[in-house]
Amino acid sequence: MEEIKNKLQELQDRFGKITGQFDRDDIRRQIRELEVEMNNPGFWSDTDQAKNVSQQLSHHQKLLATLEGLEGRIKNALEISSESSMEEDLKKEVSGLEKL
């Protein structure tokens, strides 16, 4: 079980380094701005611009969801890593996280 905890801690450290390159508050701000832009009257009249903005919004939403999802998975796994009954599930989770 200690090996799993160590791997999870290592994953958390690696994830922290990666996410340190992203400003989540800025991503959220950009999402809000793009949503406001999409709600403007006439937004859809320029289909090329609308497509571009829609793609940007989708990208930012997916990025934020991915960052928060991975962070949550690692945090939850660390929280239950002391429960021996969860060892097999944790091994699977660690394996899945390492592949990302």
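Contact here means heavy atoms within 4.5 Å. Helices (H or I, at least four residues) and strands (E, at least two) are DSSP runs, numbered from the N terminus. With those two terms in place, I can go through the structure.

This is a predicted model, in which local features need pLDDT of at least 70, side-chain atom pairs count only at pLDDT 80 or more, and totals for chains, interfaces and linings use all residues. Residues are numbered from 1 along each chain as its sequence is written, and side-chain values use heavy atoms, with hydrogens and water left out.

Confidence comes next. The protein averages a pLDDT (the predictor's confidence in each residue, from 0 to 100) of 90, and 98% of the residues score at least 70. Among the elements, H2 has the highest mean, 97, while H4 has the lowest, 81.

Now helix H1. H1 has 18 residues, and from its first C-alpha to its last it reaches 25 Å, close to the 26 Å expected at 1.5 Å a residue. The expected span is 1.5 Å times one less than the number of residues in the helix. The buried residues in H1 are Ile 4, Leu 8, Leu 11, Phe 15 and Thr 19. Seen down the axis, these buried residues fall within an arc of 60 degrees, so they line one face of H1. The arc is that of the directions from the helix axis to the C-beta atoms. As background, an α-helix has 3.6 residues a turn, so residues three or four places apart point the same way. Glu 2, Glu 3 and Lys 17 are exposed on the face of H1 turned away from the buried side. The cover over the buried residues of H1 includes H2, H3 and H4.

Between H1 and H2 there is a loop, and Gly 20 is in it. Gly 20 has a relative accessible area of 61%, so it counts as exposed. Gly 20 and Gln 61 are 41 residues apart in sequence, and their C-alpha atoms are 18 Å apart in space.

H2 itself has 15 residues and reaches 21 Å from first C-alpha to last, close to the 21 Å expected. Arg 24, Ile 27, Ile 31, Leu 34 and Met 38 are buried in H2. They cover an arc of only 85 degrees around the axis, which puts them on the same side of H2. Asp 25 and Val 36 are exposed on the face turned away from that side. H1 and H3 are among what covers the buried residues of H2.

What does His 60 touch, leaving aside its neighbours within four places in sequence? His 60 is in contact with Ile 27, Gln 30, Ile 31 and Leu 34. His 60 lies in helix H3, residues 47-80, and is buried, with a relative accessible area of 12%.

On to H4. This helix has 13 residues and reaches 19 Å from its first C-alpha to its last, close to the 18 Å expected. Its buried residues are Leu 90, Val 94 and Leu 97. They cover an arc of only 65 degrees around the axis, which puts them on the same side of H4. On the other side of H4, Glu 88, Lys 92 and Lys 99 are exposed. The buried residues of H4 have H1 and H3 among their cover. Asp 89 is also in H4, and at 44% relative accessibility it is partly exposed.

Finally, the core. A nonpolar core is a set of buried Ala, Val, Leu, Ile, Met, Phe, Trp, Tyr and Cys residues joined through side-chain atoms within 4.5 Å. The largest one has 20 residues, of which Leu 8 and Leu 97 touch the most other members. Helices H1 (2-19), H2 (24-38), H3 and H4 (87-99) each give two or more residues to this core. H3 supplies the largest share, eight residues. Leaving aside neighbours within four places in sequence, Leu 97 is in contact with Leu 8, Leu 11, Leu 70, Arg 73 and Ile 74. In soluble globular proteins, nonpolar side chains tend to be buried together.

Conventions:
Buried means under 20% relative accessible area, exposed over 50%, partly exposed in between (1.4 Å probe, protein chains only).
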